[in-house]
Amino acid sequence: MSKFHSVFFLFFFLVSCQYFEKSIPSEEELLQKRLKEINWKEVTDYPSVAECDSILDKDQQKACFFNYLSTIIHQKMASDSLSTPTKIMDTLDVRVTIFPDATLSFEPIFKKDSVSYDKQKIDSLIKSRLTDFPKIEPALKEGIPVKTQFILPVIIKME
């Protein structure tokens, strides 16, 4: 009987090893699984400036960045005024693009129903005044710098 037990035990041991084997997923399978987990519509970290880096909460850091950017744009644009026969106050949307290399681009978006003003002059003014920004860190997606775009309203006063 002991021979039978030994053979049975050996047979059971060899067969049971197959139940413990786990297949190792290929790199492609792991990559595809990870790509499905990533939310491609949202960045991991928003663009930031040194003043906002110490904030840990993602929403507060985002608000800090937008407040900072709005303040800088207001300061740079406040010294200029456009002259028109009548006083006009209008809001102009500006598309802000932050590229992965930390460069910025500003593009005014003129509404069709907005008041009449010299669009070329405003476009030129925005592009000439909105330069030399402090260093802005681009947004990150999974640790990789990415291009981001957003629209900021800019109030234009013409006298």
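The protein exposes about 11900 Å², and carbon and sulfur atoms supply 57% of that area (areas come from the Shrake-Rupley method with a 1.4 Å probe, and for residues only the protein chains shown count as cover). What you're looking at is a predicted model, where local features need pLDDT of at least 70, side-chain atom pairs count only at pLDDT 80 or more, and totals for chains, interfaces and linings use all residues. Residues are numbered from 1 along each chain as its sequence is written, and side-chain values use heavy atoms, with hydrogens and water left out.

How far can you trust it? The mean pLDDT of the protein is 76, and 72% of its residues reach 70 or more (pLDDT is the predictor's confidence in each residue, from 0 to 100). Confidence is lowest in helix α1 (residues 2-20), with a mean of 62, and highest in strand β4 (residues 144-146), at 89. Where pLDDT is low, the predicted coordinates should not be read in detail.

Now for the layout. The protein has 4 helices and 5 strands (these are DSSP runs numbered from the N terminus: helices are H or I with at least four residues, strands are E with at least two). Among contacts with a separation of 6 or more, 71% involve residues 24 or more positions apart (a contact means heavy atoms within 4.5 Å).

Let's head inside. Of the 159 residues, 28% count as buried (buried means under 20% relative accessible area, exposed over 50%, and partly exposed in between, with a 1.4 Å probe and protein chains only). In soluble globular proteins, nonpolar side chains tend to be buried together. Here the largest nonpolar core has 22 residues, and those with the most contacts inside it are Leu 69, Ile 73, Val 96, Phe 106, Ile 126 and Phe 133 (such a core is a set of buried Ala, Val, Leu, Ile, Met, Phe, Trp, Tyr and Cys residues joined through side-chain atoms within 4.5 Å). The elements giving two or more residues to this core are α3 (58-78), β1, α4 (119-129) and β5 (148-158). The largest share, 6 residues, comes from α3.

Take Val 96 as an example: leaving out residues up to four places away in sequence, Val 96 touches Leu 69, Ser 105, Phe 106, Thr 148, Gln 149, Phe 150 and Leu 152. Phe 66, in helix α3, is partly exposed at 22% relative accessible area.

Finally, look for charges. Side chains of opposite charge can pair when their charged atoms come close. This structure holds 5 salt bridges (a side-chain nitrogen of Lys or Arg within 4 Å of a carboxyl oxygen of Asp or Glu). Arg 95 and Glu 107 make one of them, at 3.4 Å from N to O. Arg 95 sits in strand β1 (residues 88-98) and Glu 107 in strand β2 (residues 104-109), so this pair ties together parts 12 residues apart in sequence. Arg 95 is partly exposed at 26%, and Glu 107 is partly exposed at 39%.

Another bridge joins Glu 37 and Arg 34, at 3.3 Å from N to O. These two are 3 residues apart in helix α2 (residues 27-37), so about one helical turn separates them. Glu 137 also pairs with Lys 135, with their closest N and O atoms 3.4 Å apart. Glu 137 is partly exposed at 34%, whereas Lys 135 is exposed at 60%. Salt bridges that share partners also link Arg 34, Glu 37 and Glu 142 into one network.
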